[in-house]
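Dear colleague,

Please find below the structure that I am handing over to you. My findings follow it.

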Amino acid sequence: MAEEKREGDKKVTVFSTPTCPWCVRAKEYLHENGVSFEEVDVSVNRAAAMQMVDKSGEMGVPQLWIGNEVVVGFDQEAIDRLLNIK
Amino acid sequence: MPENEYDLIIVGTGPAGYTASIYASRYKVKNLLIGESAGGLIGESHKVCNYPTEDEITGLELAAKMQRHAKSAGAAEILDRVVEISSFDNGYKVTTQRNGTFWARAVLLSMGLRHRKLNVPGEKDFSRRGVAYCATCDGALFYDKTVAVVGGGDSAISSAVYLSDIAKKVYLIYRKEKLRGEPVWADLATQRDNIEIIYNTEVKEIFGDKFVHSIEVDPSYQGRDRLDVDGVFVEIGVEPGNELIKPLGLSTDDAGYIKVGSDQSTNIPGMFAAGDITNASDQFRQVVTACSEGAIAARGVFNYLSKHSVSLDPKLRSKVVTTSK
């Protein structure tokens, strides 16, 4: 998985499943705004799924790690704020 | 026509909205689709097996195909939340959360429905901590666990079947004595060894600490009031959201579904409705009926616009833009 960065070297990781519409929307939104990200499919990567749940305390996707912050769900306002998308 | 002005704004990007857009474009009705995610609730279906030409397709794929078709036919699309619709001049003003304001001579409401909640103690507290409303979204996180699916319709049964491939055990809990979904789905569920169907039973409370660990059922099941589960998928149907509808003064039935005429028109001139949100199609809420209503609505809009060849006054519109900011 390529590591890519933006906005003050904030690393963006998207935890998703292939069948989740809001995951698709979140990834589309990042693409639309030129944000590169690492994608983790938690339907196959169980270890990453556990890591994601441990960190956020929430069992739902998508989850985005933006720098040290966690965004649960497709929360466009939080994504915009953390990545300085205007 | 100015950039932010359309003949028709379609609120909702599900099957009804996309089909209406395809037809509207072919009627040369300049249209804009606005919705939060492509497909709406159909995007959450793990399998659609009753849409003609598609033996079996995921809801996400079907939605993507409809979206591509609508765009190639000429639609503009914005993925955003509509926060207000109001009458303006000879048409309507539609305000979005992030993309500003748009104007149109007609509006089609096709924003679909939202998941109904169980409204039992613990549901809200454990939302996203074991309580979920979309098996295809969050099901993968319950690998080798025990889950309960609450409901007895197509969504509940298909979710149980989907989850049975992931979870160790699935309880399908329904308050009536017979599943009401398509018999094909019911057969699939009864054939799965790891699905246990519990009839005539309600979930009364959801318990957990960090995450869900059990549910209380009524009446007790095999002598137990509580069942140990790691997840609860609530699939007890859908209901209309009233936030946009109420301020408009639209005529609805007792359950909040928009009343429409045979051309999908509402009681408000220039405002149409199609898809799950209406009381049409004998309330048989399917992808194919939503598409049908979308097509009929597009023709209704075309006829309406042909008879009411009014245009919005650009000066008046500019004035409102200035004052609203």
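Helix H1 of chain B covers residues 15–26, and in this predicted model its length can be checked simply: at 1.5 Å a residue, its 12 residues should span 16 Å, and the end C-alpha atoms are 17 Å apart, which agrees. Of these 12 residues, 10 are buried, so H1(B) is largely enclosed by the rest of the structure. Among the buried residues are B:Pro15, B:Tyr18, B:Ile22 and B:Ser25. Which elements cover them? They include strands E1 (5–11), E2 (31–35), E3 (76–79) and E6 (101–109), together with helices H2 (59–73) and H6 (287–307), of chain B. After H1(B) comes B:Lys28, which has a positive phi, near 60°.

Chain B also contains an open sheet of 5 strands, in the order E8-E15-E9-E10-E11, with parallel pairing. Strands E8 (131–132) and E11 (195–198) stand at its edges; each has a single partner strand, so one side of each is left without a neighbour in the sheet. Within the sheet, 4 bridges join E9 (residues 146–150) to E15 (residues 231–234). B:Ala148 stands opposite B:Val232 in E15(B).

Finally, a search of the whole structure for cavities of 30 Å³ or more finds 1. The largest cavity holds about 40 Å³ of space. Its lining includes B:Gly275, B:Asp276, B:Phe284, B:Arg285 and B:Glu293. By class, the lining of the largest cavity consists of 3 nonpolar, 5 polar and 3 charged residues.

With kind regards

Methods
Residues are numbered from 1 along each chain as its sequence is written. Chains are lettered from A and ligands numbered from 1 in the order in which they are written. This is a predicted model: local features need pLDDT of at least 70, side-chain atom pairs count only at pLDDT 80 or more; totals for chains, interfaces and linings use all residues. Side-chain values use heavy atoms; hydrogens and water are left out. On a 1 Å grid over the protein atoms alone, a cavity is a set of points where a 1.4 Å probe fits but cannot get out, and a pocket is an open set with protein on both sides within 12 Å along at least five of seven lines; lining residues have an atom within 4 Å of a point. Grid points are joined across faces, edges and corners, and a volume is the space filled by probe spheres set on the points. Ala, Val, Leu, Ile, Met, Phe, Trp, Tyr, Cys and Pro count as nonpolar, Asp, Glu, Lys and Arg as charged, and the others, Gly among them, as polar. Helices (H or I, at least four residues) and strands (E, at least two) are DSSP runs, numbered from the N terminus. The expected span of a helix is 1.5 Å times one less than its number of residues. Buried means under 20% relative accessible area, exposed over 50%, partly exposed in between (1.4 Å probe, protein chains only). Contact means heavy atoms within 4.5 Å. Two strands pair if DSSP finds at least two bridges between them.
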